[in-house]
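Subject: Handover of a structure

Dear colleague,

I am passing on the structure below, followed by some notes on what was found in it. Please read them alongside the sequence.

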Amino acid sequence: QNRRRPIKTALLDQSVVAGLGNIYADEALFKSGILPETLCTDLQLKQIERLRAAIIQVLETSIEAGGTTFSNFLNVKGINGNYGGVAWVYNRTGEPCRVCSNLIQRTKLAGRSSHFCPQCQS
């Protein structure tokens, strides 16, 4: 909360949140209703609590789905991860939001793509 940088950038910093990658950061920000460009210093305690819960939920859902596969990667059992098919915003630029039907947008932060719904995330 004391860092003056976008929350998406902070989430990708492994010294802040270990193990959270680009896909799941986008998904957690969507589920918590926070735009990726929002500065950490501007977050309210309630938003931080929602984000924490969303991170846990997204990771649990991803684990249950076997992770995320967008190419030909297979896990040790020879199975593709299926989370990509249920993603809320990641890799869905220009598609309608599954909640409000507005188009999913994409921006770049610190050289990484960030996918978001401008209506559901504010």
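A search of the whole structure finds zero disulfides, a disulfide being a pair of cysteine sulfur atoms within 2.5 Å. Cys-120 is accordingly in no disulfide, and the nearest cysteine sulfur, which belongs to Cys-97, is 3.7 Å away. With a relative accessible area of 25%, Cys-120 counts as partly exposed, whereas Cys-40, at 4%, is buried; here buried means under 20% relative accessible area, exposed means over 50%, and partly exposed lies in between, using a 1.4 Å probe and protein chains only.

Before going further, please note that this is a predicted model, in which local features need pLDDT of at least 70 and side-chain atom pairs count only at pLDDT 80 or more, while totals for chains, interfaces and linings use all residues. Residues are numbered from 1 along each chain as its sequence is written, and side-chain values use heavy atoms, with hydrogens and water left out.

The UniProt record, an unreviewed entry, places the feature "domain: FPG-type" at residues 88–122; its positions are given in the numbering used here, feature names are shortened, and annotations may be inferred rather than shown by experiment. Over residues 88–122 the chain is 0% helix and 29% strand, with the end C-alpha atoms 16 Å apart; helices (H or I, at least four residues) and strands (E, at least two) are DSSP runs, numbered from the N terminus.

Strand S1 (residues 105–109) pairs with S2 in the antiparallel sense over five bridges, where pairing requires that DSSP finds at least two bridges between two strands. The two strands form a hairpin with two residues between them, and Ala-110 in the turn has a positive phi of about 50 degrees. Arg-106 has His-115 in S2 as its bridge partner, and four of the five residues of S2 (residues 112–116) are buried.

Leu-103 lies in the loop between H3 and S1 and, leaving aside neighbours within four places in sequence, is in contact (heavy atoms within 4.5 Å) with Gly-94, Glu-95, Pro-96 and Pro-118.

Finally, the count comes to one aromatic pair, taking rings of Phe, Tyr and Trp (its six-membered ring) with centres within 6.5 Å, and calling planes under 30 degrees apart stacked, over 60 edge-to-face and the rest tilted. The rings of Phe-30 and Trp-88 have centres 5.6 Å apart and planes at 20 degrees, so they are stacked. This pair links distant parts of the chain, 58 residues apart, with Phe-30 in helix H2 (residues 22–32) and Trp-88 in the loop between helix H3 (45–65) and S1.

Best wishes
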